[in-house]
Amino acid sequence: MSHSASINQGTLYVVATPIGNLEDMAPRAVRTLSEVDLIAAEDTRHSGKLLRHFGIGTKTEAIHEHNERNQVPRLIEILKGGKSIAFITDAGTPLVSDPGFHLVRAARQAGIRVTPVPGACAAIAALSAAGLPSDRFVFEGFPPAKSVARRAVFEKLCEEGRTLIFYESPHRILESLKDMSEVFGDGREAVLARELTKQFETLHSATLAELLEWVGRDANQQLGEFVILIHGVPRVEQSAVDEETGRVLKILLEELPVKQAAALAAKITGLKKNKLYEHALALKRDGQETSEI
Ligand code: SAM
């Protein structure tokens, strides 16, 4: 990939737009959108409102997710011809669970200068206010729509130690929370961030089981846009289980899957299954890490 863009070529600006509150539009984003030759937008009707609000009269063209690849060669020719293009999606940072990847990749491969104009991103906004560990995190985007595939994705992430971030739509929020609660464990700490930067912004911290119950009980909490953040599995030494219980779990884990080992350990010790499930996941994860070294 070339890093030295030709001065005769145009620049591709990847411009973030607000995720609800128009005051989050960066002044540089307004200036860039006003100055470029063309705005390539995910949905020109949707972006039209934003552009009108900021008095931006630049010509727009639609680049939908399904026709992005077909449009790329033409846009690259425009850039090569010396014209600049700004790319925007309906809300937030392009390419983050949004179109733009093919265009950006092709532009960079063609040696065209690609420059970000940063701004809102729902995942980062949610993380910044969730109060979950944020030094390391994993962004997973939207979970699959069908339960079997969704649960398979969650199973793979079950022992992940970093904070997990998901996007979810209103019509799947309950199903997804249900699967999360069953796979990650109903006692796992999580945060539901809804309608960020908008009138009904809500950030609710609870266990996954409590979140499911809370959202299920209140139809208002099922409306709008969601980010779900899930605490990663703590390290063995941070998970508060006494030495004897830890020893029992380790032995059970040699013979049984995590869920069964935790259930049996709960019967033996009288401790809560949730807590033991988390400790079992941590033991399994840390055990695997040690054996990989
Ligand atoms: N590119 C965008 C970004 O930077 O966040 C994400 C686009 S994706 C198609 C839309 C999803 O992002 C929504 O379904 C929701 O999960 C999340 N999202 C966007 N705006 C949000 C908001 N204001 N509050 C909570 N979640 C939001």
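Visitor: Let's start with Ser181: is it buried or exposed?
Guide: Keeping in mind that this is a predicted model, Ser181 counts as buried, because its relative accessible area is 8% and the cut-off for buried is under 20%.
Visitor: And where does Ser181 sit?
Guide: Ser181 belongs to helix H7, which covers residues 173-184.
Visitor: Which residues does Ser181 touch?
Guide: Leaving aside residues up to four places away in sequence, Ser181 touches Asp186, Leu208 and Ala209.
Visitor: Okay, new topic, the ligand. Which residues come nearest?
Guide: There are 19 residues around the ligand, and of these Thr93, Val96, Ala122, Tyr167 and Phe226 come nearest.
Visitor: Which strands supply at least two residues of that shell?
Guide: Strand E7, residues 163-168, and strand E10, residues 226-230, each supply at least two residues of the shell around the ligand.
Visitor: What lies 3.4 Å or 3.3 Å from a nitrogen atom of the ligand?
Guide: For Ala91, a backbone N or O atom lies 3.4 Å from a ligand nitrogen atom, while for Glu225 a polar side-chain atom lies 3.3 Å from a ligand nitrogen atom.
Visitor: And which residue is 2.6 Å from an oxygen atom of the ligand?
Guide: That is Phe226, where a polar backbone atom is 2.6 Å from an oxygen atom of the ligand.
Visitor: How much of the ligand does the protein bury?
Guide: The ligand taken alone exposes 570 Å², and the protein buries 90% of that.
Visitor: Last one, which pocket does the ligand take?
Guide: The space taken by the ligand is the largest pocket.

How values were computed. Residues numbered from 1 in each chain as written. Predicted model: local features only at pLDDT ≥ 70, side-chain atom pairs only at ≥ 80, totals over all residues. Heavy atoms only, no water. Helix = DSSP H or I, 4+ residues; strand = E, 2+ residues; numbered from the N terminus. Buried < 20%, exposed > 50% of the residue type's maximum accessible area, 1.4 Å probe, protein only. Contact = heavy atoms within 4.5 Å. Near = heavy atom within 4 Å. Polar contact = N/O pair within 3.5 Å; in protein donor to acceptor, adjacent residues only side chain to side chain. Areas by Shrake-Rupley, 256 points an atom, 1.4 Å probe, with all protein chains shown as cover. 1 Å grid on protein atoms, 1.4 Å probe; cavity = no way out; pocket = protein on both sides within 12 Å on 5 of 7 lines; lining within 4 Å. Sits in = over half its atoms within 2 Å of the grid points.
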